[in-house]
Amino acid sequence: MENLEHSFHMAQGEGEHSYAKNSRAQEKVILQTMPVIENAIKEVYTTLVPRTMVIADLGCSSGPNTLLFISNVINIIAGQYNKPGDPVELQIFLNDLPGNDFNQLFSSLKDLKLDTSEQTGYTPPLCYISGLPKSYYSRLFPRQSVHLFHSSCCLHWLSQVPEELYARKGAFLNEDNIYITKTTPSCVVKCFQEQFHKDFSLFLKLRHKELIYGGEMVLTFCGRKDEDVYNGYLNKLFGLVARSLQSLVGKGLVEKEKLEAFNLPLYGPSIGEVKEIVKESHMFKIDYIKLFEQNWDPYDDTEDNYVHDSGRSGMNVSKFVRALLEPLIASHFGETILDLLFADYACLVSKHLEQEKTKNALIAVSLKKI
């Protein structure tokens with residue numbers, strides 16, 4: 001696979017299959033974690049009382065969710081800390097890999113929704129927004145210069161596919177899987193776990209250097225409900241993608257060797273794993289950590305255990321996953337298989353949901369620098 005730093009990004013533009021049009025699941029995560037973000041902002045502001053507050057959104061991607069985060073932050077500051085004659089100013093950095101659709105992102109800033117002074121009695125603070133195209137697995141800022149880091153639905157993505165999964169003596173360790181499934185050897189599972197441990201530990205070390213003392217981070221990423229690494233929701237979600245790719249191999253549309261050489265650079269940890277890595281770092285105190293669940297179908301807001309239209313839900317999930325994986329799959333297999341692959345995937349998801357209303361597991365954690 002190509003260098004992820006340059007080739008990995010969400011589906012670009014504003015078309016039918018773009019991330020901008022298929023990111024409602026991520027929107028729901030931001031809305032659900034906004035109280036945690038608000039608490040972190042209040043804590044940082046009341047403790048440090050900065051004249052200029054520096055906030056970084058890591059893995060910002062593009063589309064309406066980035067605007068949602070920015071507008072909420074500005075409105076929180078405006079509502080809480082707008083003092084006549086001495087207003088706080090905001091510097092917001094939007095970070096993602098160089099391949100991110102920054103053109104779409106910055107052209108959409110005109111759509112920011114802010115509370116007006118007529119409605120609330122507050123004037124939005126001056127806000128300076130900049131882009132930062134670089135991996136968050138590297139240094140991004142001068143030491144002790146950032147008050148708050150935010151990252152939503154990102155840190156389950158690894159810096160790379162574990163090197164050990166590449167062919168040794170002509171054999172690929174994970175065969176025709178693309179992530180962890182019931183047939184994945186334990187040695188492969190260990191590779192994914194070790195890569196996550198290495199990456200998340202590095203992330204904490206880098207951010208600790210960049211945060212002001214008393215600064216905070218609010219991080220949300222895909223995880224799993226228990227310690228059984230074979231039983232995460234990502235295993236099922238991407239296991240069905242692997243089955244669709246296997247179907248195309250059977251039809252002669254994808255080379256078997258191509259599938260065997262393809263693995264996703266991600267890992268869904270448990271809360272226990274996250275706590276352990278934070279504790280090992282000796283750099284942060286956990287203010288808050290919680291696992292919450294969402295339906296696979298981003299447009300299914302019901303709380304029962306029944307999928308009311310499995311066909312529609314299958315299509316919704318397929319569009320959601322395509323917006324995530326299309327660039328990676330197109331880069332490795334070519335663009336010609338995309339429509340067939342995700343049509344087949346929608347059918348598999350639909351059949352799966354008829355048997356089981358599966359939910360996404362997400363971990364939200366608020367960390368304070370010590």
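Mentor: Start with residue classes: Ala, Val, Leu, Ile, Met, Phe, Trp, Tyr, Cys and Pro count as nonpolar, Asp, Glu, Lys and Arg as charged, and the others, Gly among them, as polar. This is a predicted model, where local features need pLDDT of at least 70, side-chain atom pairs count only at pLDDT 80 or more, and totals for chains, interfaces and linings use all residues. Residues are numbered from 1 along each chain as its sequence is written, and side-chain values use heavy atoms, with hydrogens and water left out.

Trainee: How do I read a cavity, and which residues line the largest cavity?

Mentor: On a 1 Å grid over the protein atoms alone, a cavity is a set of points where a 1.4 Å probe fits but cannot get out; a pocket is an open set with protein on both sides within 12 Å along at least five of seven lines; lining residues have an atom within 4 Å of a point. Grid points are joined across faces, edges and corners, and a volume is the space filled by probe spheres set on the points. Here the largest cavity holds about 40 Å³. Its lining is Asn 295, Trp 296, Asp 297, Asp 300, Val 307, Ser 313, Leu 353, Lys 357 and Thr 358. By class, that is three nonpolar, three polar and three charged.

Trainee: What is the volume of the second largest pocket?

Mentor: About 360 Å³. The lining has 19 residues, with Asn 235, Lys 236, Gly 239, Leu 240 and Arg 243 nearest the centre. Both α7 and α11 give two or more residues to this lining. Helix α7 gives the most, seven.

Trainee: How should I read helix α11, and what does it pack against?

Mentor: Helices (H or I, at least four residues) and strands (E, at least two) are DSSP runs, numbered from the N terminus. Buried means under 20% relative accessible area, exposed over 50%, partly exposed in between (1.4 Å probe, protein chains only). Contact means heavy atoms within 4.5 Å. The buried residues of α11 include Phe 342, Tyr 345 and Leu 353. They pack against α7 (233-250) and α10 (310-333).

Trainee: Is Asp 339 buried or exposed?

Mentor: Asp 339 is in helix α11. It is exposed, with a relative accessible area of 53%.

Trainee: How many bridges join β7 to strand β6?

Mentor: Two strands pair if DSSP finds at least two bridges between them. Eleven bridges join β6 (residues 284-295) to β7, antiparallel. Seven join β5 (residues 211-222) to β7, also antiparallel. Leu 367 in β7 is the bridge partner of Met 217 and stands opposite Ile 286. Ten of the eleven residues of β7 are buried.
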